[in-house]
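Hello,

Here is the structure I promised to pass on. Please open it first, then read the notes below.

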Amino acid sequence: MQRHDPLAIGLSLSVTAGLLYLICALTVVLAPGAFTAALAKLFHGPDLSALLTPNPPAPTLGAVGVGTLLVMIYAFFAGWLFGFVHRLFTRGSRA
């Protein structure tokens, strides 16, 4: 069984999550109605239209930047922890 490097897993997950977050933010800006509909499907169909104002403000570049950074930090630690725990479980097995 291949042993994985926790740092590489953390960095890989961090970059992947950051890219997904940026795609999500871009979707909110370009197609807020489609985003709301998709989000409702993701959360099993509640009507989220009541949460939206008639003209919701677009997210600022700063808010998207901070959000991306926070998601990437969280994802890095989640990936690192996964790699660390994976190593514990594979410590006795032969590669």
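The buried residues of α3 are Val64, Gly67, Thr68, Ala75, Gly79, Gly83, His86 and Thr90. Keep in mind that this is a predicted model.

What do these buried residues of α3 pack against? They pack against α1, residues 6-30. In α1, the buried residues are Pro6, Ile9, Gly10, Ser14, Ala17, Gly18 and Ala25. Their cover includes α3.

**How the two helices lie**

Two packed helices are described by the angle between their axes and the distance between the axes. Here the axes of α1 and α3 come within 7 Å. They cross at roughly 150°. An angle over 145° counts as roughly antiparallel, so α1 is roughly antiparallel to α3. The crossing of the two helices is right-handed.

I also looked at their lengths. α3 has 30 residues, which should span 44 Å at 1.5 Å a residue. Its end C-alpha atoms are 43 Å apart, so the two values agree. α1 has 25 residues. From its first C-alpha to its last, α1 reaches 36 Å, close to the 36 Å expected.

Threonine 68 sits in α3, which covers residues 61-90. Is threonine 68 buried or exposed? Its relative accessibility is 9%. Buried means under 20%, so threonine 68 counts as buried. Which residues does threonine 68 touch, leaving aside its neighbours within four places in sequence? They are Gly18, Tyr21 and Leu22. Of these, Gly18 is itself on the list of buried residues in α1.

**Aromatic pairs**

How many aromatic pairs are there? The count comes to two. One joins phenylalanine 76 and phenylalanine 77. Their ring centres are 5.4 Å apart and their planes stand at 70°, so this pair is edge-to-face. The other joins tryptophan 80 and phenylalanine 84. Here the ring centres are 5.4 Å apart, but the planes are at 15°, so the pair is stacked.

Tryptophan 80 and phenylalanine 84 are four residues apart in α3, so about one helical turn separates them. Are they buried, exposed or partly exposed? Tryptophan 80 has 35% relative accessibility and counts as partly exposed. Phenylalanine 84, at 37%, also counts as partly exposed.

Best wishes

Technical notes:
Residues numbered from 1 in each chain as written. Predicted model: local features only at pLDDT ≥ 70, side-chain atom pairs only at ≥ 80, totals over all residues. Heavy atoms only, no water. Buried < 20%, exposed > 50% of the residue type's maximum accessible area, 1.4 Å probe, protein only. Contact = heavy atoms within 4.5 Å. Expected span 1.5 Å × (residues − 1). Phe/Tyr/Trp six-rings, centres within 6.5 Å; stacked < 30°, edge-to-face > 60°. Axes fitted to C-alpha atoms, helices over the stretch in contact; angles between N-to-C directions. Parallel < 35°, antiparallel > 145°, perpendicular 65-115°, else oblique. Left-handed = near helix turned anticlockwise from the far one by under 90°.
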